[in-house]
Amino acid sequence: MNLRDLRYLVALAEEHHFGRAAASCGVSQPTLSTQIHRLENELGVPLAVRVGRRIEMTPVGERITQTAREMLALADDIRTLATEEYDRTTRQLTVGVFPTLGPFLLPRVIARFDQHQPRVSIHVVEQRTAQLLEAVHQGDLDVAVVAAPVQDETLTAIPVFREEFLLVTGADDELAREKGPIDPHEVSTDGLILMSEGHCLRDQVLEVCSPSHPGPPDALSVGSLATIRELVSVGAGRTLMPRSAVSAPTPQDPRIVIREFTQPRPHRDIVVCGRPTAMTRPSVLALVNILRTLPGDIVEPLGVDGATSCSHGLGAQSDLRMPLP
C-alpha cells in the first residue's frame, strides 16, 4: 500500500466511475482499476462494487476511504511544512471561520498576515462549525477558527482569544433603561432574537439565558447578525452579540442600546484548530499570534503570558506559539 493507491481509492469514491477517477488522477483507466484490485487483494476485503452504471464503496470501503483521506491530508501537511520552511515560492493557507465571527475578524487579520507572511496567500472559507471541522478532516481546510470546546480529540486546538457577549436592545426596551451592568439571569429567552439552528452563537446565547428561564424559547430565528441588528433596531426583540460585532468600524445606530453584563461576564473562547501536523506550520503559528494580538478593547488574549486561562481546558496548548516574524 502506498499514497498513490490511496489517492486512486479516494478519487474512485468521489467520482463513482473508474474512467472519471482515472482522469482526475492523470492515469489510464486500466492502471487505476488494476491498482484498486491490488489494494483489495492486499487488504483482503472488497472496497468497491458496481451498482448499475455507478461504482459504490462497500461499508468497509467507506471507512477505509475516510482514513485514506486523513492520511493524504497529513502527507500534504508534511510537504507544506517543508515548503514553508525552505521554499520561497508563494503558498496558500486555507482558513475556515464561522459566520458570526468572520466579518468582524477577517479585516483585522488579513492586512497583518500580509505583512508578516508575504509569501503565504490566505484564503478564507465561511461555514458553520460542523462543516468547518469536517473540511479540516478532509484536508479541504488547513485550520479552522471556531469557538471552544472542540469535541474532537484527533484535532489540536490552540486558544487565541476570549470575547465577551453584550446585551443589544432597542432604545425602548425596559432593559435599555436599567442603570449599571445587567445580570444575565434577568434576560429571558422569551423575545430573544437568535441565529438559526446550526449556528454555534445560538447555542451560546441560550446557554447564557436558559438557566434562569428553562423551557423552549419563544424566539425569532434569522440567518445573520446584520438581520438581527435590524430587527432589534425596530423593537422586534433583544439579543446577545459578541463585542466584535458591535465595535468599530461597525457604525453606531441610535435606535440600539448596548449594555454590559455583570461579572463574571458571559463570553466565548475562540481557538484555532487543525490536524496536528498542520498546527506547527510557520503560517499557522503566525495566524495564532496575530489572533492573540487583536485590539484589547475588543477581545482578551488567551494562551500568552498574563492572559486569562482558557476556561475549556485548552491552555496546555499555549506552548505552541512563536514570535511574529
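**A guided tour**

Guide: In this predicted model, H16 is buried, with a relative accessible area of 14%.

Visitor: In which loop does H16 lie, and what is its phi near?
Guide: H16 belongs to the loop between α1 and α2. Most residues other than glycine have a negative phi, and most peptide bonds are trans. H16 is not a glycine, yet its phi is positive, near 60°.

Visitor: How many helices and strands does the protein have, and what share of its residues is buried?
Guide: The secondary structure comes to nine helices and 12 strands. Of the 325 residues in the protein, the buried ones make up 48%.

Visitor: Among contacts between residues at least 6 apart in sequence, what share joins residues at least 24 apart?
Guide: A contact here requires heavy atoms within 4.5 Å. Counting the pairs at least 6 apart in sequence, the share that joins residues at least 24 apart is 76%.

Visitor: Are α1 and α3 roughly parallel or roughly perpendicular to each other?
Guide: Two packed helices are described by the angle between their axes and the distance between the axes. The axes of α1 (residues 3–15) and α3 (residues 29–43) come within 10 Å and cross at roughly 105°. Angles of 65 to 115 degrees count as roughly perpendicular. The two helices α1 and α3 are therefore roughly perpendicular.

Visitor: Which residues of α1 and α3 meet, and how do they divide into nonpolar, polar and charged?
Guide: From α1 come R4, D5, Y8, L9 and L12, which meet T31, L32, Q35, I36 and L39 of α3. By class, the residues of this contact are six nonpolar, two polar and two charged.

Visitor: How do α2 and α3 pack, and which classes of residue make the contact?
Guide: Helix α2 (residues 18–25) packs with α3 at about 105°, their axes being 8 Å apart, and the two are therefore roughly perpendicular. On the α2 side the contact is made by F18, G19, A21, A22 and C25, and on the α3 side by Q29, L32, S33 and I36. The classes are six nonpolar, three polar and no charged residues.

Visitor: Is A22 buried or exposed, and which residues does A22 contact?
Guide: A22 is found in α2 and, at 1% relative accessibility, counts as buried. The C-alpha atoms of A22 and S33, 11 residues apart along the chain, are separated by 8.3 Å. Leaving aside neighbours within four places in sequence, A22 is in contact with V27, S28, Q29 and L32.

Visitor: Which residues have the most contacts inside the largest nonpolar core?
Guide: That core has 42 residues. Elements giving two or more residues to this core include β3 (91–97), α5 (102–116), β6 (156–170) and α9 (282–291). The residues with the most contacts inside the core are L105, V145, F161 and L291.

Visitor: What does L291 contact beyond its neighbours within four places in sequence?
Guide: Setting those neighbours aside, the residues in contact with L291 are L105, V109, V145, V160, F161 and V272.

Visitor: Is E84 buried or exposed, and which residues does E84 touch?
Guide: E84 has its place in α4 (residues 59–86). The cut-off for buried is under 20% relative accessible area, and E84, at 15%, counts as buried. The C-alpha atoms of E84 and R281 are separated by 7.3 Å, although the two are 197 residues apart along the chain. Not counting residues up to four places away in sequence, E84 touches R91, V120, R281, P282 and S283.

Visitor: What of R69: where is its place, and which residues is R69 in contact with?
Guide: R69 also has its place in α4, and at 17% relative accessibility R69 counts as buried. Beyond neighbours within four places in sequence, R69 is in contact with V10, A13, E14 and Q138.

Visitor: Which peptide bonds are cis?
Guide: One joins A148 and P149, with omega about 0°; P149 lies in the loop between β5 and β6. P264 is found in the loop between β10 (256–259) and β11. The bond from Q263 to P264 is also cis, with omega near -5°.

Visitor: How many disulfides does a search of the whole structure find?
Guide: A disulfide calls for a pair of cysteine sulfur atoms within 2.5 Å. C273, at 0% relative accessibility, counts as buried, and C200 counts as buried at 18%. The number of disulfides found in the whole structure is zero.

Key: Residues are numbered from 1 along each chain as its sequence is written. This is a predicted model: local features need pLDDT of at least 70, side-chain atom pairs count only at pLDDT 80 or more; totals for chains, interfaces and linings use all residues. Side-chain values use heavy atoms; hydrogens and water are left out. Axes are lines fitted to C-alpha atoms, for helices over the stretch in contact, and angles run from 0 to 180 degrees between N-to-C directions. Helices (H or I, at least four residues) and strands (E, at least two) are DSSP runs, numbered from the N terminus. Angles under 35 degrees count as roughly parallel, over 145 as roughly antiparallel, 65 to 115 as roughly perpendicular and the rest as oblique. Ala, Val, Leu, Ile, Met, Phe, Trp, Tyr, Cys and Pro count as nonpolar, Asp, Glu, Lys and Arg as charged, and the others, Gly among them, as polar. A nonpolar core is a set of buried Ala, Val, Leu, Ile, Met, Phe, Trp, Tyr and Cys residues joined through side-chain atoms within 4.5 Å. Buried means under 20% relative accessible area, exposed over 50%, partly exposed in between (1.4 Å probe, protein chains only).
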